[in-house]
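Good morning, and thank you for making the time.

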Amino acid sequence: MKVLVVKNQKDADRQGVKIFRQAYKHGARTFGLATGGTPEGLYRELCQSDLDFRDCIAINLDEYVGLDGNHPQSYRYYMQSNLFNQKPFAETYLPDGMAPSAKVECTHYNWIIATNPIDLQILGIGQNGHIGFNEPGTPFTSTTHVVNLTPSTIKANSRYFKDESQVPTQALTQGIGNILQAKQILLMAFGPEKAQAVKEALTGKVTEDLPASVLQKHPHVTVLLDEAAAALLPSEWVAEHVQHIY
Ligand SMILES: N[C@@H]1[C@@H](O)[C@H](O)[C@@H](COP(=O)(O)O)O[C@@H]1O
């Protein structure tokens, strides 16, 4: 695991673009994408870059159940407005939150991932250590499934909605097993509210109680943090594992 700490989010976004560029140069054409506040700046930088994704496939992690792509809080809408409208991809996939059968949709989505192996997967992290919408306790072998969102995730994500009652209570998400199939993973985390989860994920024991801890087992992970998100990492650990980029 390579851990990079930069001064602020802007620097992290630029660093993220470098990682994208490098992966593309080495043949990456299928990108696993995430939503939330964390990758917004990265997508802004990608939109302004000269990178061309017209021969690429984008496969997102998750979508709220019950929101269609025109709903401003749906992840489809987020992806269209933050990236796809400005930087078209050949194909873009997100789970369909309006699918009549969640079970069929999950099988279909697993098939999409299996037939388009992800070269570079972008991840954010929830305050409880979730990745995608894989809440604590999700088996590491899980594939795409429906989740009941925890009260803490609903509360954290309510900042994007009018109020907490508007946040869907369920989502469709790639499982941890799917995420681990990606050839390369870039986890980004910014701000003090992520510091505890980051510390546990990187330096704690690998446990299903902290989904992101599984990344310690993946052979090709880069973690990109701002100073605030890295603040609780023990100094001896930082000395041994962290590269500061200023
Ligand atoms: N499903 C998403 C995750 O993919 C995201 O990484 C996480 C953190 O979000 P943010 O980046 O807004 O803090 O929350 C959401 O629940």
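This is a predicted model: local features need pLDDT of at least 70, side-chain atom pairs count only at pLDDT 80 or more; totals for chains, interfaces and linings use all residues.

Let me begin with Glu135, which is buried, as its relative accessible area is 4%, where buried means under 20% relative accessible area, exposed means over 50%, and partly exposed is what falls in between, with a 1.4 Å probe and protein chains only. Residues are numbered from 1 along each chain as its sequence is written, and side-chain values use heavy atoms, with hydrogens and water left out.

Glu135 sits in the loop that runs between β6 (120-123) and β7 (145-148), where strands are DSSP runs of E with at least two residues, helices are runs of H or I with at least four, and both are numbered from the N terminus. From Glu135 to Pro192 there are 57 residues along the chain, and their C-alpha atoms are separated by 20 Å. Gly124 is also found in the loop between β6 and β7, and Gly124 counts as buried, at 18% relative accessibility.

Turning to helix α7, which covers residues 195-203, we find Val198 there, and Val198 is buried at 3% relative accessibility. Val198 and Gly129 are 69 residues apart in sequence, yet 7.5 Å apart in space, C-alpha to C-alpha. In strand β9, residues 184-189, we have Gln184, which is buried with a relative accessible area of 13%.

Now to the ligand: which residues are the closest to it? The ligand is surrounded by 14 residues, and the closest are Gly37, Thr38, Arg159, Tyr160 and Lys194, a residue being counted as near if one of its heavy atoms lies within 4 Å. By class, this shell has 4 nonpolar, 7 polar and 3 charged residues, where Ala, Val, Leu, Ile, Met, Phe, Trp, Tyr, Cys and Pro count as nonpolar, Asp, Glu, Lys and Arg as charged, and the others, Gly among them, as polar.

As for individual atoms, an oxygen atom of the ligand lies 2.6 Å from an N or O atom in the side chain of Lys194, and an oxygen atom of the ligand is 2.9 Å from an N or O atom in the side chain of His130. A nitrogen atom of the ligand is 3.1 Å from a polar backbone atom of Gly132.

Conventions
A polar contact is a pair of N or O atoms within 3.5 Å; within protein, one must be able to donate a hydrogen and the other to accept it, and residues adjacent in sequence count only if both atoms are side-chain atoms.
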